[in-house]
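Subject: Structure handover

Dear colleague,

Please find the structure below. My notes on it follow.

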Amino acid sequence: MSFTLPQLAFAYNALEPHIDERTMEIHHSKHHQAYITNLNNALAGTPAENLSIEEICTNISQYAMVVRNNGGGHFNHSLFWSILGAEGGTPSPELAAAIETDLGGMEKFKEEFGKAGITRFGSGWAWLCVKEGQLIICSTANQDNPLMDIEGVRCGNPILALDVWEHAYYLNYQNRRPDYVAAFWNVINWNEVNRRYAASL
Ligand code: MN
């Protein structure tokens, strides 16, 4: 068995003007596909080739760096596509209550999550995670993610992700990462975030 590129639940142009069609097409069909191809090549003929990507990430310390980079790339982008959408929605009452209790409310959450993305030096990701029932904001470098069993990286079960690699925004926003991070709030598929939150408890 090998990993395959997940289909998007929306058209490449569905997130415009916040995320443009060309960026989405290249990001999904080229960047994500490259992580999958490299991951499949790295795992071919090894005992890990029948594991799920979550199983691989949670034991990533046992793997070579090529698996960490490309396996992370596959997991992260798969999650990212699932929490994007044009329909929006809102946080469920349960998630909204947790944002209030754990993160100091929606405005504070947006500010802290945005800061996690904007201040991540170089390439990486901002995350909203559930750890022992609590919401936590964190960020990771490169294609690391909060599932990985690495000190300083593992921080919980991710339910929301933002890719802050330049390839995610450069065509439309050039160097203006903060503008891209601000636009992200317009294209979140909250139904999927709500589902992931409920499943994490
Ligand atoms: Mn990316």
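**Helix packing**

Helices H4 and H8 are roughly perpendicular to each other, a label for angles of 65 to 115 degrees, with under 35 counting as roughly parallel, over 145 as roughly antiparallel and the rest as oblique. The axes of H4 (residues 93-103) and H8 (residues 190-200) cross at roughly 75° and come within 9 Å. Axes here are lines fitted to C-alpha atoms, for helices over the stretch in contact, and angles run from 0 to 180 degrees between N-to-C directions. Helices (H or I, at least four residues) and strands (E, at least two) are DSSP runs, numbered from the N terminus.

On the H4 side, Glu94, Leu95 and Ala98 meet Trp190, Val193, Asn194 and Tyr197 of H8; contact means heavy atoms within 4.5 Å. The residues of this contact comprise 5 nonpolar, 1 polar and 1 charged. In that count Ala, Val, Leu, Ile, Met, Phe, Trp, Tyr, Cys and Pro are nonpolar, Asp, Glu, Lys and Arg are charged, and the others, Gly among them, are polar.

**Basis of the model**

This is a predicted model, in which local features need pLDDT of at least 70 and side-chain atom pairs count only at pLDDT 80 or more, while totals for chains, interfaces and linings use all residues. Residues are numbered from 1 along each chain as its sequence is written, and side-chain values use heavy atoms, with hydrogens and water left out.

**Manganese site**

The manganese ion has His27 (NE2), His77 (NE2), Asp163 (OD) and His167 (NE2) as protein donors, 1.9 to 2.1 Å from it. Donors are N, O and S atoms within 2.8 Å of the metal (3.2 Å for Na, K and Ca); water is not among the atoms, so sites may look incomplete. Along the chain, the donors of the manganese ion have the spacing H-x49-H-x85-D-x3-H. Distant parts of the chain are linked here: His27 is in helix H1 (residues 21-43) and Asp163 in strand S3 (residues 157-163), 136 residues apart. His27 is buried at 2% relative accessibility, and Asp163 is buried at 0% (buried is under 20% relative accessible area, exposed over 50%, partly exposed in between; 1.4 Å probe, protein chains only).

**Sheet**

An open sheet of 3 strands has the order S2-S1-S3 with antiparallel pairing; two strands pair if DSSP finds at least two bridges between them. S2 (134-141) and S3 are at the edges with a single partner strand each, so one side of each has no neighbour in the sheet. S1 (residues 124-131) and S2 pair over 8 bridges. Helix H3 (residues 65-82) lies across S1 and S3, at about 85° to S3.

Regards
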